Amino acid sequence: MSTPVNLDNIRQAPKVLLHDHLDGGLRPQTVVELAEAGGYSGLPHDNAEDLGRWFVTAADSGSLERYLETFAHTVGVMQAVEALQRVAAEAAEDLAADGVVYAEVRYAPELFQEGGLGLDQIVQAVQDGFREGERRAEAAGNRIRIGTLLCAMRQNARSTEIANLAVRYRDVGVVGFDIAGPEAGFPPTRNLDAFEFLRQQNAHFTIHAGEAFGLPSIWEAIQHCGAERLGHGVRIVDDIKVDGDGTVHLGRLASYVRDRRIPLEMCPSSNVQTGAADSIESHPIGLLARLRFRVTVNTDNRLMSHCSMSSEFAALNESFGYGWDEFQWFTVNAMKSSFLGFDERLGVINDVIKPGYADLVG
Ligand SMILES: [Zn+2]
């Protein structure tokens, strides 16, 4: 007999997460404690409960200014080695407790230099934190592996430096690179040197594209820059026409993305907060999954969206009726699309994901 689909049972299902920001996933209590320890005085509340609510409300407000303010605070309290270690360790623990078995967590090292840290110190601190979190999770009975993605910020001009950093740390758990930050006015092609360097190094990268901005951003990311995956990629629906009778027409770019199995790192709750989608029910993930694009489900910013992988799955169950079959499909899609080696991906799919879902389907 199949296990009922509800939040508690979804937590037991093995899940894979490809798009999660380290500075978007802090525990509210940790923000409070790190602010105190580091002498950061800008927080709007000094108790965890009010602060946790404030993050969600501010991110929900529809105001870009308030949305960015949420990250000013999390980044503001992460300017020391101990702070970075702690946040990384807790991220691994929290994801593992939610049933995530493999996650790629990303952050932009250049944002954590306000206190004088060097880029190497920052990467080392976060790597140490992830390893510590993996150990604690295992002690608690939850096995997880974390791969790191290093981001460069689109509005800065440091992408080549950060791409170098990603390659230097690839044998100790940095599995790829990304560019993040405002899409409008900062096309991915501004960072061509970095992408060319990464390709020469046989290194992996994804690009935030097609979240707020449309098809040209997606096209550039894939065809000019060589992105292996798309961060969000929601606007690919602008290249798909559905007639009144349900007949679907894919434009050339949408066809290319589907034919080449280019993974879409979709983040439903986050997209609703930033206005990239009106609601979960009307989120393009429904159409894209039906058309068998390589869709994956992700959290983006767990603190700001007050979400987890399990709550995202639960929301999709409510809006689209998805159950264990679809959850397994999303999870296998994500694992196939991860930046781990082929044999490691296959190992997780065959040894962890398939048996996990077989137990739930019964
Ligand atoms: Zn993101």
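1. Let's start with a pair of helices: helix 7 and helix 8 pass each other in a right-handed crossing. The axes are lines fitted to C-alpha atoms over the stretch in contact, and the angles run from 0 to 180 degrees between N-to-C directions.

2. A word on what you are looking at: this is a predicted model, in which local features need pLDDT of at least 70 and side-chain atom pairs count only at pLDDT 80 or more, while totals for chains, interfaces and linings use all residues. Residues are numbered from 1 along each chain as its sequence is written. Helices (H or I, at least four residues) and strands (E, at least two) are DSSP runs, numbered from the N terminus.

3. Which residues make the contact between helix 7 and helix 8? Helix 7 brings Ser159, Thr160 and Ala163, and helix 8 brings Asp193, Ala194, Phe197 and Leu198. Contact means that the C-beta atoms of two residues, placed from the backbone, lie within 7 Å. By class, this contact has four nonpolar, two polar and one charged residues. In this scheme Ala, Val, Leu, Ile, Met, Phe, Trp, Tyr, Cys and Pro are nonpolar, Asp, Glu, Lys and Arg are charged, and the others, Gly among them, are polar.

4. Now look at helix 2 (residues 28-38) and helix 3 (residues 48-60), whose axes come within 8 Å and cross at roughly 110°. That makes helix 2 roughly perpendicular to helix 3. Pro28, Gln29, Val31 and Val32 of helix 2 meet Ala48, Leu51 and Gly52 of helix 3. This contact of helix 2 with helix 3 has five nonpolar, two polar and no charged residues.

5. Under "binding site", an unreviewed UniProt entry lists His21, Asp23 and Gly181. UniProt positions are given in the numbering used here, feature names are shortened, and annotations may be inferred rather than shown by experiment. The listed residues span 161 residues in sequence, yet no two of their C-alpha atoms are more than 13.1 Å apart, so they gather at one spot.

6. Is His21 buried or exposed? With 25 C-beta neighbours inside 10 Å, His21 counts as buried. The cut-offs are 20 or more other C-beta atoms within 10 Å for buried, 12 or fewer for exposed, and in between for partly exposed, with C-beta atoms placed from the backbone. His21 lies in strand 1 (residues 15-21). Gly181, in the loop between strand 4 (174-180) and helix 8 (192-200), has 14 such neighbours and counts as partly exposed.

7. Most residues other than glycine have a negative phi. Asn202 has a positive phi of about 55° although it is not a glycine, and Arg292 has one of about 65°. Asn202 sits in the loop between helix 8 and strand 5 (206-209), and with 8 C-beta neighbours inside 10 Å Asn202 counts as exposed. Arg292 is in the loop between helix 12 (285-290) and strand 10 (295-297), and with 11 neighbours Arg292 counts as exposed too.

Key. Parallel < 35°, antiparallel > 145°, perpendicular 65-115°, else oblique. Left-handed = near helix turned anticlockwise from the far one by under 90°.
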